[in-house]
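Q: Hey, I'm new to this one. Can you walk me through it?

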Amino acid sequence: MTSSTTSSSRAQILARVRTALADGPAAPLPSRDYFASHTPDDPAAILDLLHENLADYRAIVHRTAESELPTVIARLLEQHDAASVAVPAGLPAAWLSGAKIQQRHDVTAGLEGDGVSSLAPSGSDRPAGEPLTPYELDTTDAVVTGCAVAIAETGTIVLDAGPGQGRRALTLVPDIHICVVRAADQVVASVPQSLPHLDPTRPQTWISGPSATSDIELDRVEGVHGPRTLHVVLVTDE
Amino acid sequence: MSGTFVGMPAFPKAAHEAVQNVTLRRNLRHATHTIRDKRAVAVAELDDWDQLREAGKQIKDHTLSRLDHYLVQLEESVTAAGGTVHWAADADEANRIVADLVKATGESEVVKVKSMATQEIGLNEALEAEGIAAYETDLAELIVQLGKDRPSHILVPAIHRNREEIRDIFRSEMSAWGRPAPDNLTDSPAELAEAARLHLREKFLRAKVGISGANFMVAETGTLVVVESEGNGRMCLTLPETLISVVGIEKVVPTWQDLEVFLQTLPRSSTAERMNPYTSMWTGTTEADGPKTFHLVLLDNGRTATLADEVGRQALRCIRCSACLNVCPVYERAGGHAYGSVYPGPIGAILTPQLRGTQSEVDASLPYASSLCGACYDVCPVAIDIPEVLVHLREQVADQGGKGHRLEKVAIKAATWVLDNPAVLAVGERVAAKTRKLHPRKIPGPGASQWTNSRDLPEMPAEPFRDWWKKNRT
Ligand code: SF4
């Protein structure tokens, strides 16, 4: 809907644009002769590049087999003395099966996708069916999520609020983010290769390293408002 | 365009004062040279940089040539996704729309993520006049706001402040705005960032209204994109119930695929990173995730006038990366404040006079705030030929008054400042020599006024100016 108070401005601006362009020809569409990727098509090399670039921007990168994932996640949470972890709807229950800390389950109503059951398992400290408030998230130490896609050339993980990724606030307010990437089918080489995997109608967060600022004399400081620690766990078949 | 630096002297006077400020010059030099060198490395990683740059230019040119079509398409997409679109012809109208939207929520405070468009229209001041407190949440903008100051750089707006100054500002001002700075706050950047984190966290958690700009708007999908580093943007875009985004009409791109170009060129040109820490994308509203209400305010404020100028319209391609600031010898010495608007440096010298016209002294002097060395063009990720536009605007200034006119006099002073500053000239000469070989440029003519001759600036004997400088500095 367009608000009625601005409808005359709408007409005015569009008329000004048309006058400014004076029926000139449309400039040509872009030629797009840039590369679709800068990396040879070798999955192992692409995974190594992702690892390297994530680490270069101070994400802490781990590799593990699927079977070891619960142990790795439990160890990371323990390392940071996390007492509580936010759990997005649709996160595979096994991932946190090794963690002995309080799980705070978030429920996301109405999101499309396959909506894996988000019922809180027994032992959860809060009732199922309620989204976590910003204040609850602020007192939650960590969050564990999956991702939609990871981009090797830029060291980026993209979350699109799909199952196991949570609402955007979930990966923003807690200070530790542990993100799991499936090497087999979630890693692409380049930005141009990533976009076709992403649905623009879903809210997205592209994350390349932990929150950072260089605003004070250009000294890089990790973590101003987002999570100050970012762990990325690459799940491989070996 | 409002948001002017009220009482701003014309460029030469302001620049002259900036040169006297040793701290400012040292900070600026450190900043611009550091980012400049890192940028070159980040760009060199991509073998297809020239093709990406060309594609970015083509996408923007194509969009501008059918801007009416893409704006209407954008409006349809955003509306279909649950957003509301407003159109603002000028700064006053945009401010009024935003103030009314905030009032309608019943709130009297908003959190803001750094946005050039809202600075351009002076939104914070307009909201304050309506009894609405607008909290800047970008660390640098917080420093600027608490210090009752003006931003001096697009990317690092508080770059003119050093750490001791920032500590003092935090210690003395934070308590008046909310959570005070810790008593034992030192000047280590990590501690200063931590103080900002705590100070702002309470504001984010209780915020009901967020205000942002956007780097890109996708016409076919209605998606808005905000590129940032700290996470304050994510806070403002995600936690409040109502989100209001004020965006210049030139920020639209046609397709989702177009983002693949700018998401490669913007971070590398701007922060010299392969990718910035956080990019947020949202399309209208999403149930149970983020704001329930989304308003998009499309801002003209001089952009359609700029579009009408066939030479000058290329300034609308700008993606605000700030690469041109960091290579500019005049910016390095004059500082961001001398440009008298929120857009400093080479882009400010061509954008501000077009958005606002060249009736005021500071705006008429801006096209002369350059040695025309061309370094800005070389680094621009959308290939804006800034020197070409500068020369074009100089002709306009010269034509509007006639010889001896007040504006011409102030323009001459600006040109003289550049000529008389040996360091500016020396860098200008060096870069120009290199650049000209690569990009032989035409000088627009005929009818070019006397000012066009300053294209020949590098050939002028530099020695007398250096003598003058020595004499005048002592
Ligand atoms: S003019 Fe070009 S280099 Fe300067 S800020 Fe705009 S896009 Fe960047």
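This is a predicted model: local features need pLDDT of at least 70, side-chain atom pairs count only at pLDDT 80 or more; totals for chains, interfaces and linings use all residues.

Q: OK. How many helices and strands does chain B have?
A: Its secondary structure comes to 22 helices and ten strands.

Q: And what share of chain B counts as buried?
A: Of its 474 residues, 66% count as buried. As for contacts in chain B with a separation of 6 or more, 77% come from residues 24 or more positions apart.

Q: Tell me about the sheet. What's the strand order, and is the pairing parallel or antiparallel?
A: Six strands of chain B make an open sheet, in the order β1-β10-β7-β4-β2-β3, and the pairing is parallel.

Q: Which strands stand at the edges?
A: Those are β1 (84-88) and β3 (133-136) of chain B. Each has a single partner strand, so one side of each has no neighbour in the sheet.

Q: How much are neighbouring strands turned against each other?
A: By 25° on average, ignoring direction.

Q: What holds strands of a sheet together in general?
A: They pair through backbone hydrogen bonds, in either a parallel or an antiparallel way.

Q: Back to β3(B). How many bridges does it share with β2 of chain B?
A: Four bridges, in the parallel sense, with β2 covering residues 109-112.

Q: How far is Thr84(B) from Phe170(B)?
A: They're 38 Å apart in space, C-alpha to C-alpha, and 86 residues apart in sequence.

Q: Switching topic: where is Glu141(B)?
A: You'll find Glu141(B) in helix α8 of chain B, which runs over residues 139-146.

Q: Which side chain of opposite charge is nearest to Glu141(B)?
A: That's Lys114(B), 4.4 Å away. Glu141(B) is buried yet has no salt bridge.

Q: Why doesn't Lys114(B) count as a salt bridge partner for Glu141(B)?
A: Because a salt bridge needs the nitrogen and the carboxyl oxygen within 4 Å, and Lys114(B) is 4.4 Å away.

Q: So what does the side chain of Glu141(B) make a polar contact with?
A: With the side chain of Gln119(B), at 2.9 Å. Setting aside neighbours within four places in sequence, Glu141(B) is in contact with Lys114(B), Gln119(B), Glu136(B), Pro151(B) and Pro157(B).

Q: Give me one. What does Lys148(B) pair with?
A: Lys148(B) forms a salt bridge with Glu173(B), and their closest N and O atoms are 3.1 Å apart. The pair links distant parts of the chain, 25 residues apart: Lys148(B) is in the loop between α8 and α9 (163-177), and Glu173(B) is in helix α9 of chain B. Lys148(B) is exposed at 67% relative accessible area, whereas Glu173(B) is partly exposed at 22%.

Q: What about Asp149(B), which residue does that one bridge to?
A: To Arg161(B), with the closest N and O atoms 3.1 Å apart. Both Asp149(B) and Arg161(B) are in the loop between α8 and α9 of chain B, twelve residues apart. Asp149(B) counts as partly exposed at 22% relative accessibility, while Arg161(B) counts as buried at 18%.

Q: And Glu250(B)? What's the partner there?
A: Arg303(B), with the closest N and O atoms 2.7 Å apart. Glu250(B) lies in the loop between β7 (242-248) and β8 (252-253), and Arg303(B) in helix α13 (residues 303-307) of chain B, so the pair ties together parts 53 residues apart in sequence. Glu250(B) and Arg303(B) are buried.

Q: Last one: what's going on around Thr223(B)?
A: Thr223(B) is in strand β6 (residues 223-228) of chain B, and counts as buried at 0% relative accessibility. Its side chain makes polar contacts with the side chains of Thr221(B) at 2.6 Å and Thr283(B) at 2.8 Å. Beyond residues up to four places away in sequence, Thr223(B) touches several others, including Pro200(A), Trp256(B) and Trp282(B).

Terms used:
Residues are numbered from 1 along each chain as its sequence is written. Chains are lettered from A and ligands numbered from 1 in the order in which they are written. Side-chain values use heavy atoms; hydrogens and water are left out. Helices (H or I, at least four residues) and strands (E, at least two) are DSSP runs, numbered from the N terminus. Buried means under 20% relative accessible area, exposed over 50%, partly exposed in between (1.4 Å probe, protein chains only). Lys and Arg count as positive and Asp and Glu as negative; His and the chain ends are not counted. A polar contact is a pair of N or O atoms within 3.5 Å; within protein, one must be able to donate a hydrogen and the other to accept it, and residues adjacent in sequence count only if both atoms are side-chain atoms. Contact means heavy atoms within 4.5 Å. Two strands pair if DSSP finds at least two bridges between them. Axes are lines fitted to C-alpha atoms, for helices over the stretch in contact, and angles run from 0 to 180 degrees between N-to-C directions.
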